Amino acid sequence: MSQRDTLISWMILIAVLLTFWRVNLNSSVLNQLLSDANVGPSRTGPFLIPSRMRPDEYISRKYDKQVSDRVEVLRLCRTVKKDLGFMKLYNAMVPEVFCPNLVRIGEVNDGGKWVCHPRAMPDNCAIFSLGVSQDTSFEREMQEITSQKCSVYSYDKGQPQPSVLEDYSKIRAQFTKALIANSTNLEKGERSIGYEMERLGLKRIEILKIDIEGAEFLVMPTLIKQAKMCQILIEIHGDPKFVVNLVVMLAQAGYRLFSYEINGMYHSLSEYSFIHDDCLETYGASPLAYYWHLV
């Protein structure tokens, strides 16, 4: 074999060895990435929840140890004076569920709601908005983020401004002048949530956004009985005792607190966000420690 042929053979051998080395390196990197993005209990179709985005085991144990203390303090909110009750409420309250993709949708100053992973919402989903006012920022931003994959159904006992209806016409939303009540009485302009879901052919509400000026205490028991809902975003109006009672009722129905926002001026008008146990996987959320149902 000539010197030239020998050189060519060595060059071919080196090229082959380099190719194998690169393949093995890429395979190791890929395996590491897959390991970091292990699906665990949080596989959501095309979404993988990386292990680094789930609570550390130590954190989960810490939350578990604090449950009894939280329950004890929150029970006192039913008996103490208003100001002291709010102090105890907000000192003891923490989310029960960790949502790694938590975002506030809507106006920054007022009218916004905290949502868990809105881009994970399924196709042809339904958003119910109870209590319209004149602010459509939440509905507009939700439809922008989700590329209008959901239909928005909005309800209010009063007629909104023409600008609101104009906004709705652009974002796959419809307004119904009606009060969502415990039962249906069309002559009085009242409709139950069950009636509306049957009328619209819906089996599930992905997000219920509710701001009905204190009437939530009257209608929520019926809402959670008649409708299967994934996320409830609600402004609760009331003293600590009423807040505690409503959150406990939601927890006993399987709705877990994942976010809250304290109103700095009026503590009795604060925002709370809940997600149902059946929807954790869809939205890539992980349990921390459940305690509200024990209060």
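**Notebook: salt bridges and a helix pair**

I counted salt bridges in this predicted model, taking a side-chain nitrogen of Lys or Arg within 4 Å of a carboxyl oxygen of Asp or Glu, and the count came to 12 salt bridges. I kept in mind that side chains of opposite charge can pair when their charged atoms come close.

**Entry: K209 and E139**

I looked up K209 and found a salt bridge to E139, with the closest N and O atoms 3.6 Å apart. K209 sits in strand β9 (residues 205-210) and E139 in helix α4 (residues 137-145), so this pair ties together parts that are 70 residues apart in sequence. Are K209 and E139 buried or exposed? I noted K209 as buried, and E139 as buried too.

**Entry: E196 and its partners**

Next I turned to E196. I found a salt bridge from E196 to R191, where the closest N and O atoms are 3.0 Å apart. I recorded both of these residues, E196 and R191, as buried.

I then found that E196 also forms a salt bridge with R199, and here the closest N and O atoms are 2.7 Å apart. Where do E196 and R199 lie? I placed both in helix α6 (residues 193-200), three residues apart, which is about one turn of the helix. I checked the cover on each of them. E196 has a relative accessible area of 0%, so I wrote it down as buried. R199 has a relative accessible area of 39%, so I wrote it down as partly exposed. Salt bridges that share partners join R191, E196 and R199 into one network.

**Entry: helices α7 and α8**

I moved on to helix α7 (residues 216-226) and helix α8 (residues 240-252), whose axes come within 11 Å and cross at roughly 5 degrees. Angles under 35 degrees count as roughly parallel, so I noted α7 as roughly parallel to α8.

Which residues meet there? On the α7 side I listed E216, F217, M220, P221 and I224, and on the α8 side F242, V243, L246, M249 and L250. I sorted the residues of this contact into nine nonpolar, no polar and one charged.

**Entry: the chain overall**

Last, I took down totals. I counted eight helices and 13 strands in the protein chain. The chain has 295 residues, and 43% of them count as buried. Among contacts with a separation of 6 or more, 65% come from residues 24 or more positions apart. I put the accessible surface of the chain at about 15,900 Å², with 54% of it belonging to carbon and sulfur atoms.

Technical notes: Residues are numbered from 1 along each chain as its sequence is written. This is a predicted model: local features need pLDDT of at least 70, side-chain atom pairs count only at pLDDT 80 or more; totals for chains, interfaces and linings use all residues. Side-chain values use heavy atoms; hydrogens and water are left out. Helices (H or I, at least four residues) and strands (E, at least two) are DSSP runs, numbered from the N terminus. Buried means under 20% relative accessible area, exposed over 50%, partly exposed in between (1.4 Å probe, protein chains only). Axes are lines fitted to C-alpha atoms, for helices over the stretch in contact, and angles run from 0 to 180 degrees between N-to-C directions. Angles under 35 degrees count as roughly parallel, over 145 as roughly antiparallel, 65 to 115 as roughly perpendicular and the rest as oblique. Contact means heavy atoms within 4.5 Å. Ala, Val, Leu, Ile, Met, Phe, Trp, Tyr, Cys and Pro count as nonpolar, Asp, Glu, Lys and Arg as charged, and the others, Gly among them, as polar. Accessible areas come from the Shrake-Rupley method with a 1.4 Å probe; for residues, only the protein chains shown count as cover.
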